[in-house]
Amino acid sequence: MAKVIVYPPTSMILSDLVERMGHKALVVPEAVRNLVTANNIQSPPLNVTPEGPKKGLRYAAVDVPSGVRGRMSLIGPIIEESEAAIIVEDPGWLTGCSGCSRTNELVRLLIRTKGVPVLDLSYPANDAEAKVFVQKIKAFLGGLK
Amino acid sequence: MLVTKYVITSSESNILPSDIAMKIYGSKYDVVVKETCFGVVINGEEDVINALVKEIRALDPAGIFIKDRGFPPGDPRRCRGRRGGGARPGFYMIESESKILPMISRALAWEGDIPAVPEKKRPLPIGRLEEIIKEDLS
């Protein structure tokens with residue numbers, strides 16, 4: 001079982017396909033869960049503390065907006081943990097914690113520079129593309145240990 | 001550890017969110033379930049949820065999709081009833097991806113040959129552009 005990071009990191013379709021194939025999908029909701037359901041919430045309601053942007057300093061410089069560093073404090077450790085990646089380019093509907101374009105550029109860059117196997121795709125627009133999309137993901141995940 | 005997952009049905013699936021909720025109510029598992037318009041939210045111990053997810057997926061393997069969720073169901077920090085209405089922030093991603101779920105479901109159920117799809121046109125790679133410029137200038 002490999003740990004596979006998916007981009008967009010909140011994608012339902014990608015995380016589901018990864019789990020179906022018996023691998024572990026690394027997604028942001030898991031990182032959010034650890035933060036908001038911790039027994040000792042230090043900063044209610046969302047437990048966002050000054051420690052978040054400090055963790056993000058590991059991935060982005062101090063002059064980068066705190067929103068990028070805050071997001072990277074959640075996504076950065078996931079990237080470090082990953083053993084493979086599936087990237088869907090230009091989804092066109094990134095919102096919420098995935099709605100920061102600068103963070104997304106940095107996430108894609110860090111994934112690519114990490115040197116793990118990466119599958120690049122785009123979302124399907126018709127049935128034929130969907131079949132190829134699913135088949136490529138199956139083949140990629142089937143080749144992982 | 002308590003985990004929360006979304007169970008989302010494709011719009012073409014014969015399984016309704018209420019069917020999934022009824023299956024969970026009738027099961028032996030001790031979980032919290034919340035029915036929504038697009039599926040159900042389940043919350044419980046990780047082992048229990050993983051076993052339950054396998055059973056739910058068996059109802060319609062190609063038409064049911066599972067996604068992790070950070071907040072527990074009905075959490076006042078996310079529940080729109082407590083926030084004065086409006087969709088919660090993560091809903092838009094689900095809404096957008098739900099539109100292509102029927103295609104993904106059909107692709108998962110497909111057992112025939114994979115059709116050849118012409119590759120989409122991509123921007124000219126920078127290396128090739130440099131070569132063209134050098135050729136023209138030389």
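Buried means under 20% relative accessible area, exposed means over 50%, and partly exposed lies in between (1.4 Å probe, protein chains only). By that rule A:Asp16, at 0% relative accessibility, counts as buried. The model is predicted: local features need pLDDT of at least 70, side-chain atom pairs count only at pLDDT 80 or more, and totals for chains, interfaces and linings use all residues. Residues are numbered from 1 along each chain as its sequence is written, chains are lettered from A and ligands numbered from 1 in the order in which they are written, and side-chain values use heavy atoms, with hydrogens and water left out.

**Salt bridges**

- The structure holds 17 salt bridges over all chains; each is a side-chain nitrogen of Lys or Arg within 4 Å of a carboxyl oxygen of Asp or Glu.
- A:Asp16 pairs with A:Arg20, and their closest N and O atoms are 2.5 Å apart.
- Both residues lie in helix H1 (residues 12-20) of chain A, four residues apart, about one turn of the helix. Helices (H or I, at least four residues) and strands (E, at least two) are DSSP runs, numbered from the N terminus.
- A:Arg20 is partly exposed, with a relative accessible area of 25%.
- A:Arg112 and A:Glu89 form a salt bridge at 3.0 Å, N to O. A:Arg112 is in helix H5 (residues 101-114) of chain A and A:Glu89 in strand E3 (residues 84-89) of chain A, so the pair ties together parts 23 residues apart in sequence.
- A:Arg112 is partly exposed at 37% relative accessibility, and A:Glu89 is partly exposed at 29%.
- Shared partners join A:Glu89, A:Arg108, A:Arg112 and A:Asp120 into one salt-bridge network.

**Helix H1 of chain B**

- B:Pro17, B:Ile20, B:Ala21 and B:Ile24 are buried in H1(B). Seen down the helix axis, the buried residues fall within an arc of 100°, so they line one face. The arc is that of the directions from the axis to the C-beta atoms.
- These buried residues pack against E1, strand E2 (32-35), strand E3 (39-45), helix H2 (46-59) and strand E4 (64-69) of chain B. Contact means heavy atoms within 4.5 Å.

**B:Ser13**

- B:Ser13 sits in the loop between strand E1 (2-9) and helix H1 (17-25) of chain B.
- B:Ser13 is buried, with a relative accessible area of 12%.
- Not counting residues up to four places away in sequence, B:Ser13 touches B:Asp60 and B:Gly63.

**The end of helix H6**

- B:Leu137 lies in helix H6 (residues 126-137) of chain B.
- B:Leu137 is exposed, with a relative accessible area of 72%.
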